[in-house]
Amino acid sequence: MAKSKTVFFCQNCGYESAKWLGKCPSCQEWNTFVEEVIIKGPGPSLSARTSGAAVSKTVPLHEVKGGEDLRIITPDQELNRVLGGGIVAGSLVLVAGEPGIGKSTLFLQTGLHMTGLATLYVSGEESEQQIRMRADRIASPHEQFYLLTETNTQVIFEEIRKMQPGLVIVDSIQTLHTPYIESSPGSVSQIRECAAEFQRFAKETGIPVFLIGHITKDGNIAGPKILEHMVDTVLQFEGDQHYTFRILRTTKNRFGSTSELGIYEMTGAGLRMVANPSQLLIAQREEILSGTAIAATLEGLRPLLVEVQALVTPSVYGTPQRTATGFDTRRLQLLLAVLEKRGGFHFGLKDVFLNIAGGLKIEDPSIDLAVLCALLSSYEDLPLPPHTCFTGEVGLSGEIRAVGRIEQRIAEAAKLGFEKMVISRYNLKGLDPSMYPIDIVSVARVEEVYELFFK
């Protein structure tokens with residue numbers, strides 16, 4: 001007889017309790033417990049359900065043979081970079097992002113371009129006809145690309161045993177269900193059990209698996225937190241649907257760095273890799289206007305030059321507005337306070353609007369100096385010199401602090417044809433400006449920046 005019981009799961013961390021609790025003792029969150037009816041029927045072990053591999057045995061570490069770092073190189077160079085050099089055999093990768101951001105499109109076109117590898121695309125959300133319509137728009141299918149529209153994990157594993165693919169893509173993990181647990185798809189217990197089955201399958205067979213997942217309204221990956229602990233790599237696909245740029249970040253990677261990111265451009269024929277994003281993020285203007293500055297920043301390990309736009313106008317209402325797009329509003333208020341205190345500028349009676357062009361969200365503090373110069377340019381209504389970029393962090397006392405990887409930033413600016421770059425004076429230590437075909441200007445305080453460009 002099947003054993004049935006009612007348990008309560010924390011939707012945030014997956015903590016299991018026999019009764020309802022107002023506060024989770026594991027993650028300390030309130031009102032996160034949901035009731036689920038669990039019916040576990042008799043069935044084969046997880047190993048038998050997936051691949052039927054032999055039982056493991058304990059071995060000393062020094063007797064384990066060091067395996068080579070075998071990776072599957074995809075035609076998508078941005079995906080290879082984010083994964084640390086390619087897809088590791090037997091890895092389990094979780095990909096999450098906003099609805100409609102392009103997760104399914106990205107991995108459908110990845111599978112379509114893997115012409116030398118048998119790829120199985122498992123969809124629980126779309127029909128075969130819908131996927132074919134998208135595939136015709138993205139790329140022509142090859143003979144080794146297979147579709148399976150199924151949500152039962154045991155049927156999926158049976159099909160995998162028959163065709164023996166080299167790569168499995170599941171869209172999405174929230175739609176799958178295992179017959180060994182009687183609860184609705186998308187519940188905490190189903191997501192955890194389905195992920196555990198795919199984890200065991202990937203490790204025992206050496207076939208890499210990509211799991212596409214949903215996120216909640218708070219931006220977190222839907223399902224228990226243990227889902228992120230079970231997988232080898234967690235990728236986050238970000239971007240604004242009103243802009244064409246998409247960013248693929250890695251928040252966890254057991255086989256590479258978590259600092260890399262890939263940049264794509266959404267087009268009518270799918271996602272296009274952006275090899276040199278700096279050229280696309282800097283607007284091509286025929287006339288020079290005030291309130292615009294170019295910042296040399298870093299996204300992960302990749303140097304980027306982005307355009308910072310500021311607008312300072314007299315406040316019509318009683319309370320001045322502070323609006324920032326792509327930049328932390330609290331950081332903007334901090335920079336305005338520094339200009340008030342150290343420079344004597346009266347921003348308290350002005351509306352201030354700030355925008356990072358291209359729809360990017362920049363968290364690198366090295367963009368502070370460009371934001372400050374854009375604010376001063378709009379305040380004085382004087383444009384900054386053309387072909388000039390900025391990098392530097394602004395401190396509370398008005399000093400321009402040094403930033404990391406200054407050589408990469410200078411090299412990127414020189415490659416794009418900039419003639420002058422303003423950096424912190426503290427970055428000159430160990431730096432030879434004569435090595436670069438660009439004029440490097442160093443400043444130490446906010447007052448020096450004003451005297452340099454606006455007096």
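Colleague: Is the crossing of H3 and H4 left-handed or right-handed?

Modeller: The crossing of H3 and H4 is right-handed. Keep in mind that this is a predicted model.

Colleague: Noted. Which residues of H3 and H4 meet there?

Modeller: From H3 come Ser104, Thr105, Leu108, Gln109 and Leu112. They meet Ile131, Arg134, Ala135 and Ile138 of H4. By class, the contact of H3 with H4 has five nonpolar, three polar and one charged residues.

Colleague: And at what angle do H3 and H4 pack?

Modeller: About 70°, with the axes of H3 and H4 10 Å apart. H3 and H4 are therefore roughly perpendicular to each other, since 65 to 115 degrees counts as that.

Colleague: Stay with H4. Which of its residues are buried?

Modeller: In H4, residues 128-138, the buried ones are Ile131, Arg134, Ala135 and Ile138. Down the axis of H4, these buried residues fall within an arc of 105°, so they line one face of the helix.

Colleague: What is exposed on the other side of H4?

Modeller: Gln129 and Met133 are exposed on that other side.

Colleague: And what covers the buried residues of H4?

Modeller: The cover includes helix H3 (103-113). It also includes three strands: S7 (119-123), S8 (145-149) and S14 (270-273).

Colleague: Which residues of H9 and H10 meet?

Modeller: On H9, they are Arg331, Leu332, Leu335, Leu336 and Leu339. On H10, they are Asp368, Val371, Leu372, Leu375 and Leu376. The contact of H9 with H10 has eight nonpolar, no polar and two charged residues.

Colleague: How does H10 pack with H12, angle and axes?

Modeller: H10 and H12 (residues 446-453) pack at about 50°, with their axes 11 Å apart. That makes H10 oblique to H12. H10 passes H12 in a right-handed crossing.

Colleague: What makes the contact of H10 and H12?

Modeller: H10 brings Leu369, Leu372, Cys373, Leu376 and Glu380. H12 brings Val446, Val449 and Tyr450. The classes in the contact of H10 with H12 are seven nonpolar, no polar and one charged.

Colleague: On phi, then. What is the phi of Asn31?

Modeller: Positive, about 55°, although Asn31 is not a glycine. Asn31 is in the loop between strand S2 (16-17) and strand S3 (33-40).

Colleague: Is Asn31 buried or exposed?

Modeller: Asn31 is exposed, because its relative accessible area is 60% and the cut-off is over 50%.

Colleague: What about Asp381, what is its phi?

Modeller: Asp381 has a positive phi of about 55°, and it is not a glycine either. Asp381 lies in the loop between H10 (368-380) and strand S19 (388-390). At 56% relative accessibility, Asp381 counts as exposed.

Colleague: Why does Thr175 count as buried?

Modeller: Because its relative accessibility is 17%, and buried means under 20%.

Colleague: What does Thr175 touch, leaving out residues up to four places away in sequence?

Modeller: Gly124, Glu125, Thr151 and Pro185. Thr175 and Pro185 are ten residues apart in sequence. In space, they are 5.6 Å apart, C-alpha to C-alpha.

Colleague: Now zoom out. How many helices and strands are in the chain?

Modeller: Twelve helices and 23 strands. The C-alpha atoms fill a box of roughly 85 × 50 × 50 Å along the principal axes.

Colleague: What share of the chain's residues is buried?

Modeller: Of the 455 residues, 50% are buried.

Colleague: And of contacts between residues at least 6 apart in sequence, what share join residues at least 24 apart?

Modeller: That share is 67%.

Notes:
Residues numbered from 1 in each chain as written. Predicted model: local features only at pLDDT ≥ 70, side-chain atom pairs only at ≥ 80, totals over all residues. Heavy atoms only, no water. Buried < 20%, exposed > 50% of the residue type's maximum accessible area, 1.4 Å probe, protein only. Helix = DSSP H or I, 4+ residues; strand = E, 2+ residues; numbered from the N terminus. Arc of directions from axis to C-beta. Contact = heavy atoms within 4.5 Å. Axes fitted to C-alpha atoms, helices over the stretch in contact; angles between N-to-C directions. Parallel < 35°, antiparallel > 145°, perpendicular 65-115°, else oblique. Left-handed = near helix turned anticlockwise from the far one by under 90°. Nonpolar A, V, L, I, M, F, W, Y, C, P; charged D, E, K, R; others polar.
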